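Please consider the sequence and model shown here. The paragraphs below lead from the overall architecture to individual helices.

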Amino acid sequence: MPAEAKVEASTARPSPTSSLRAGGPPPPPLTERQEARRRRILHASAQLASRGGFDAVQMREVAESSQVALGTLYRYFPSKVHLLVATMQDQLERMHGTLRKKPPVGETAAERVAETLMRAFRALQREPHLADAMVRALTFADRSVSPEVDQVSRQTTAIILDAMSLENPTPDQLSAVRVIEHTWHSALITWLSGRASIAQVKIDIETVCRLIDLTAPGGDA
């Protein structure tokens, strides 16, 4: 998940067919009615995934739960993978809002980012079936899902950069953010597969977050 400049994740939503128009002109933002429909779809997806994981998210059931026609659902999300990756971006956006209300208190940027990512991790830990479904979708995503995957990346980057509380992160710090994103994602996968404990995840996250301070101007790196 590539790190980007310190810019808030866009609040403008892609049009229902944006994932079919990769590489074309930017799609218009959704209307209020379309946005409300999209939110119902994402809510239904999250609810189904929370109950039974990846396999429980069936497009017909999502359509019924969100009260949209099946054809309409496919115009918004061409596949279950598109839908679940978008669901992950939505969940991260909600986490970001919660984190802003109670910012991390660490003295260094590394400590604040580690605290933030562990709080996000624990939020996912409370919904293991949902977390597993979203991560599996990211793993299965091919190039057709690039717009949705990019949204997840931008949202994760925005969360990390907010925690850093730095006005102008250096290129080296932005590279560190990219490595941190990779590590956080990998830690989530290893925990979901039962190959890492929460304690080990915490150690790994705290270790990789030290790259932020090491790559700061005047750091030891």
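This is a predicted model: local features need pLDDT of at least 70, side-chain atom pairs count only at pLDDT 80 or more; totals for chains, interfaces and linings use all residues.

Residues are numbered from 1 along each chain as its sequence is written, and side-chain values use heavy atoms, with hydrogens and water left out.

The protein has 9 helices and 0 strands; helices are DSSP runs of H or I with at least four residues, strands are runs of E with at least two, and both are numbered from the N terminus. Of the 221 residues, 46% are buried, that is, under 20% relative accessible area with a 1.4 Å probe, protein chains only. Among contacts (heavy atoms within 4.5 Å) between residues at least 6 apart in sequence, 72% join residues at least 24 apart.

Helix 4 covers residues 80–101, and its end C-alpha atoms lie 32 Å apart, in agreement with the 32 Å that its 22 residues should span at 1.5 Å a residue; the expected span is 1.5 Å times one less than the number of residues. Because 16 of these 22 residues are buried, helix 4 is largely enclosed by the rest of the structure.

Helix 8 (residues 171–192) and helix 9 (residues 198–214) have axes that come within 8 Å and cross at roughly 170°; axes are lines fitted to C-alpha atoms over the stretch in contact, with angles from 0 to 180 degrees between N-to-C directions. The two helices, helix 8 and helix 9, are therefore roughly antiparallel, a term for angles over 145 degrees. Their contact includes W184 and W191 of helix 8 and I205 and C209 of helix 9.

Notes. Buried means under 20% relative accessible area, exposed over 50%, partly exposed in between (1.4 Å probe, protein chains only). Angles under 35 degrees count as roughly parallel, over 145 as roughly antiparallel, 65 to 115 as roughly perpendicular and the rest as oblique.
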